[in-house]
Amino acid sequence: MNIREKTAATADGLALSKFGIGQPVARTEDPVLVQGLGRYTDDLNLPGQAYAVMVRSVHAHGVIRGIDLDAARAMPGVLGAFGGGDLAGYGPLKCTVPFKNRDGSDMTKPPRPALAAGKVRFVGDPVAFVVAETLAQAKDAAEAVTVDIDPLPAVTLASEAVKEGAPQLYDEAPGNIALDYHYGDSAQVAEAFARAAHVTRLPLRNSRVVVNAMEPRAAVALYDPARTHFTLHAQSQGTFGMKGQLVDILGTTPDKVRVLTGQVGGSFGMKAPVYPEYVCILHAARALGRPVKWTDERSGSFVSDHHGRDHEMTAELALDKDGHFLAVRLTGYANMGAFLGTVAPLMATLNAVKNTPSVYRTPLLEVSSKCVFTNTTQVSAYRGAGRPEGNYYMERLIDEAARETGIDRLALRRRNHIRPRQMPFKAASGMTYDSGDFPAVFKEALAAADVQGFAKRRRESRKAGKLRGLGIGSYLEVTAPPNREMGGIRFEADGTVTIVTGTLDYGQGHATPFAQVLSEKLGVPFERIRLSQGDSDALIAGGGTGGSRSITASGMAIVEAAALVIERGRQIAAHVLEAAETDIVFERGRFVIAGTDRSVGIMELAARLRGGLALPPGVPSSLDVSHASEPVPSAFPNGAHVAEVEIDPQTGTVALVRYSSVNDFGTLINPLLVEGQVHGGVVQGLGQALLEQALYDDSGQLLTGSFMDYAMPRAHDVCDIGFLSHPVPARTNPLGTKGCGEAGCAGGLASIMNAIVDALSVLGIRHIDMPATPERVWRAIRDASGTNGA
């Protein structure tokens with residue numbers, strides 16, 4: 001090996017030690033973003049673009065008698081005004097999950113047109129839109145549209161919507177039921193409850209939340225008549241999937257649609273589907289022959305972006321005389337809103353099944369949930385999408401069972417933990433856990449939280465006139481929804497290397513960990529790696545980002561693609577080094593003749609190919625690969641979070657004063673980013689636990705439709721969030737990753753709510769629903785003490 005080769009090999013080794021798997025590398029996109037140089041959808045302006053403004057229903061339920069667009073069309077600058085009839089040729093927005101009712105029949109999926117036809121079903125239901133030369137002109141014209149609606153009675157709560165005499169949203173959905181879901185063996189579960197020494201039963205309200213991504217939705221549509229081709233610039237969670245939805249709605253073929261996504265300012269599940277506004281502006285772009293732009297405002301986002309959670313569940317836990325779990329049963333309702341979102345029924349059904357058993361040996365599970373239409377904004381996936389809910393149900397049940405039976409709540413959890421020797425473990429959900437050491441994670445979490453010192457801290461709080469509580473939130477999530485994923489690798493003319501994949505970064509920081517994986521597998525310099533993820537035309541597959549799947553799915557695709565690059569490189573290097581292909585090995589970024597010091601680096605090889613390296617027939621002419629991996633099996637991140645709160649009994653104010661967590665995310669590609677993901681998830685869990693709630697009045701008007709009425713968590717609401725890792729690598733993917741994006745919510749909801757109930761338990765309070773606002777807590781204290789608070 002000559003001096004140049006030795007120097008290159010040394011540099012490769014140093015780079016891997018700094019930027020390889022497991023290193024806390026800072027996010028590469030942050031310097032751009034913190035300088036305000038990011039490029040989001042609303043930053044895009046195309047030559048000749050016009051502006052669209054939506055006209056929405058102000059009634060939650062009613063019959064459309066007429067829509068008068070003439071006055072709007074006559075206003076200055078107006079290019080077009082459109083109603084539902086103008087979009088009659090397009091397909092509906094669809095729910096894609098194929099669930100069956102408990103009787104085996106198909107669930108009810110009423111079609112949702114982009115603009116309401118015949119009836120409106122929630123406040124904010126789009127009924128028309130206007131396109132004008134300027135945004136101001138479009139807004140003025142939208143206000144001139146006259147919509148004649150005969151109001152009908154409305155219903156906003158799922159449990160009320162199923163009652164006899166409730167307003168009916170759809171003729172084809174009697175009782176407003178979209179899906180009557182059932183999982184489990186009812187007879188076996190009933191028998192387990194019948195022979196149980198103790199049964200804990202707890203009604204639980206999982207409150208409705210508004211997603212409130214930092215960046216409101218926006219889109220720009222173009223149409224090329226020469227190619228009969230649509231292009232949509234829009235936020236998404238994966239352009240491949242959004243393109244597939246649009247192809248179906250537009251009634252065209254995949255080669256006629258392109259979706260482009262730039263940087264995205266948060267999504268949490270909300271920006272994954274196609275929305276009515278996108279269909280509207282695509283139609284307008286074709287009808288007017290001009291690009292058309294639409295950007296939502298925050299007031300519009302509150303009613304038009306899908307909401308999250310909103311479940312009413314009764315949870316039951318059966319235990320034997322020694323405190324061993326016999327069965328868990330969930331029965332209740334999930335609010336779908338006025339329409340079925342793309343994956344709306346999933347959260348209270350299959351994801352409740354998969355995630356409720358958690359880290360515990362629970363032999364039997366039954367889930368009976370009705371997915372119900374109401375006159376509210378549609379509800380669909382929100383960070384965790386059923387994973388935090390399922391774990392919340394289980395953890396609240398355990399704390400209450402401990403109180404009722406007199407068994408220590410920590411001992412009750414330990415008694416029912418799945419043991420490492422039982423792996424692989426077939427859970428009552430039907431899932432098989434491949435890895436994990438739940439008792440060790442729990443033990444480490446209690447030590448990190450100094451649970452032994454809690455009694456002293458509680459006495460100190462009592463002296464200060466405060467109630468103090470400690471809550472545990474153990475969790476296990478089923479992540480990585482199975483879809484094929486792309487792992488493309490391109491060696492560019494400028495000496496950089498591009499990863500092409502179908503997951504999409506909307507705040508997670510994918511570019512850095514993906515580059516770390518590729519740098520370690522191929523020895524490519526970290527700083528030369530780029531990420532392409534937002535162009536549907538560049539993708540051959542793509543499951544998008546959701547369900548904490550990105551590092552597992554894209555990671556596996558990158559690993560497999562890297563192996564294909566090495567395979568191609570060995571053939572090329574054999575020619576360059578004048579050796580047999582069987583003698584070429586790949587080591588730390590270099591193709592080496594085994595047993596010699598002769599080698600060529602992968603980047604040097606790429607450069608020589610760009611320079612016109614002559615190759616014999618049958619030898620690849622490029623290192624580039626375009627690969628799609630098969631679906632990766634689900635993974636099972638888990639952990640234990642411990643929260644402590646102080647409550648002021650005079651005001652009901654809850655303060656989070658201590659928080660620690662121990663998490664098993666398998667292999668950590670980038671610990672720095674993982675810790676940040678946990679912090680964000682915990683804060684969102686805190687927001688739902690203490691502050692956030694979307695409320696409607698009896699007529700279906702959203703009462704919490706702005707930040708004046710809807711409380712979001714702020715920095716002063718949060719204490720330091722402790723983070724420790726206890727990794728047990730997954731055995732189901734080559735990197736051993738498990739996913740981390742939603743775990744903070746799962747641990748946060750349960751631990752904070754359990755801490756609040758623990759603090760209030762000295763007053764005899766056994767439960768309080770989210771959000772634990774000062775008023776709600778104050779009233780609970782007053783009711784428990786028998787005073788009226790006067």
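**Helix packing and cores**

Mentor: Helix α16 (residues 550–576) packs against helix α17 (residues 602–610) at an angle of about 70 degrees, and their axes are 11 Å apart. Helices here are DSSP runs (H or I, at least four residues), numbered from the N terminus, and axes are lines fitted to C-alpha atoms over the stretch in contact, with angles from 0 to 180 degrees between N-to-C directions.

Mentor: This is a predicted model, where local features need pLDDT of at least 70 and side-chain atom pairs count only at pLDDT 80 or more, while totals for chains, interfaces and linings use all residues. Residues are numbered from 1 along each chain as its sequence is written, and side-chain values use heavy atoms, leaving out hydrogens and water.

Trainee: Which residues of α16 and α17 make the contact?
Mentor: From α16 come V565, G569, I572, A573 and V576, and from α17 come I602, L605, R608 and L609, where contact means heavy atoms within 4.5 Å.

Trainee: And what about α11 and α12, how do their axes cross?
Mentor: The axes of α11 (residues 387–405) and α12 (residues 409–416) come within 9 Å and cross at roughly 120 degrees. α11 passes α12 in a right-handed crossing, meaning that the near helix is turned clockwise from the far one by less than a right angle.

Trainee: Changing topic, how many residues has the largest nonpolar core?
Mentor: It has 101 residues, and Y433 is among those with the most contacts inside it. A nonpolar core is a set of buried (under 20% relative accessible area, 1.4 Å probe, protein chains only) Ala, Val, Leu, Ile, Met, Phe, Trp, Tyr and Cys residues joined through side-chain atoms within 4.5 Å.

Trainee: Which helix gives the most to this core?
Mentor: Helix α19 (residues 743–760) does, with eleven residues.

Notes
Helix = DSSP H or I, 4+ residues; strand = E, 2+ residues; numbered from the N terminus. Buried < 20%, exposed > 50% of the residue type's maximum accessible area, 1.4 Å probe, protein only.
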